[in-house]
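Look at the structure first, then read on.

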Amino acid sequence: MKLSQFKFKLPEGLIAQHPVENRDECRMMVLDAKTGEITHHTFKEIINYFDEGDVMVFNDTKVFPARLYGNKEKTGARIEVFLLHELNRENRYWDVLVDPARKIRIGNKLYFGEDDSLVAEVIDNTTSRGRTLRFLHDGDYDEFKEALYALGETPLPEYIKRDVLPSDAENYQCIFARKEGAVMAPAAGLHFSRELMKRLEIKGVERGFLTLHSGWGNFKEIDVEDLTKHRMDSEEMCVDETLINLVNDAHDKGRRICAVGTSVMRGMASAVCMNGHLMTFEGWTNKFIFPPYDFTVANAMVSNFHMPYSTMLMMVAAFGGYQNVMKAYEVAVKEKYRFGAYGDAMLILR
């Protein structure tokens, strides 16, 4: 398929700038991928679509405060530093993005905090915007990490055009997040409240977790028309034996298996083996899913409403059917659904 096939007109006013007050009370569109039928609900009604023995798979990655601001030595120029990945714990090397990149060269020092309490030195250029920083800190690792994160802020997507609020630290985090490493929240999981999770448990709906540390590459613009030529950034992930036993058993019994979010779907697709079964996986994935694609594990999916041209939209279209999903997005715009990480949800059933 072509990049241009994922264009649609999205009024800026439909991009959610704040979350709803209660996680599970956003709107939810339900799309039947077999018939194309669309119905409208509140998210907590999702429980009506799952029965005892069905399985929901979540991503338990945890977002860390990845965006911080420093000043360049001598000039004092304000520099945004976006932490991507810790490269070396002992030497405190981090892979980062810097903005404006043209002002930053190897050997430059950056100072962070009101009293310049943290200093970093640029030791490598990795991309046009990317750099490797070595943080200079006299304390032990835990003290360094605490100081670094105290200076950072929640890495809201750039389409949320407002200042970061203290409440975002909690709102932009799934209630089951536990394994730190993401700079992008698995947004479909944001809709699940503790009350809803408990109600699903009481009904007998099983839950499983994989870990995929969602990176900034999900927001990277695709610069090729032919989607087969696009390369995703690699992301670290883990599928353990507990999850594969749960999912494989449900698959063999013909139960409903729901991927909560595009990161979960990508993680499962990276760990799939014969006969729609999962196998354990620990490593990195750069799997890019777009139509057509043969899904053999999940038969349901929860997703938010994504931006035009985004890789997340492409994956949703692959799962729900291109024509179905693009029609659903037309309806979503007409019915004023809220788009983006803080927006509304879509449940796709196959």
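A pocket is an open set of points on a 1 Å grid over the protein atoms alone, with protein on both sides within 12 Å along at least five of seven lines. A cavity is a set of such grid points where a 1.4 Å probe fits but cannot get out. Lining residues have an atom within 4 Å of a point. Points are joined across faces, edges and corners, and a volume is the space filled by probe spheres set on them.

The model is predicted: local features need pLDDT of at least 70, side-chain atom pairs count only at pLDDT 80 or more, and totals for chains, interfaces and linings use all residues. Residues are numbered from 1 along each chain as its sequence is written, and side-chain values use heavy atoms, with hydrogens and water left out.

**Pockets**

- The largest pocket has a volume of about 1400 Å³.
- Its lining counts 48 residues, and Trp216, Gly217, Asn218, Phe219 and Lys220 lie nearest its centre.
- Strand E6 (78-88) gives the most to this lining, with four residues. Helices (H or I, at least four residues) and strands (E, at least two) are DSSP runs, numbered from the N terminus.
- Other elements that each supply at least two residues to the largest pocket include strand E7 (93-99), helix H1 (141-151) and strand E13 (235-239).
- By class, the lining of the largest pocket has 23 nonpolar, 13 polar and twelve charged residues. Ala, Val, Leu, Ile, Met, Phe, Trp, Tyr, Cys and Pro count as nonpolar, Asp, Glu, Lys and Arg as charged, and the others, Gly among them, as polar.
- The second largest pocket holds about 300 Å³ of space.
- Of its 21 lining residues, Val20, Asn22, Arg23, Asn171 and Leu190 are the closest to its centre.
- Helix H2 (168-171) and H3 each supply at least two residues to the second largest pocket.
- That lining has eight nonpolar, six polar and seven charged residues.

- The largest cavity has a volume of about 310 Å³.
- Its lining has 30 residues, with Met184, Asn218, Thr262, His306 and Met312 nearest its centre.
- H5, strand E16 (300-304) and helix H6 (311-320) each give at least two residues to this lining.
- The lining of the largest cavity divides into 17 nonpolar, ten polar and three charged residues.
- Thr262 lies in helix H5 (residues 262-270).
- Thr262 counts as buried because its relative accessibility is 13%. Buried means under 20% relative accessible area, exposed over 50%, partly exposed in between (1.4 Å probe, protein chains only).
- Leaving out residues up to four places away in sequence, Thr262 touches Met301, Ser303, His306, Met312, Met315 and Val316. Contact means heavy atoms within 4.5 Å.

**Second cavity and helix H3**

- The second largest cavity has a volume of about 30 Å³.
- Strand E3 (55-59), helix H3 (194-203) and strand E12 (206-212) each give two or more residues to its lining.
- H3 supplies the largest share, three residues.
- The lining of the second largest cavity has five nonpolar, no polar and three charged residues.
- Leu196, Met197 and Leu200 are the buried residues of H3.
- Seen down the H3 axis, these buried residues fall within an arc of 100°, so they line one face of the helix. The arc is that of the directions from the helix axis to the C-beta atoms.
- The buried residues of H3 pack against E3 and E12.
- Exposed Arg194, Glu195 and Ile202 sit on the face of H3 turned away from its buried side.
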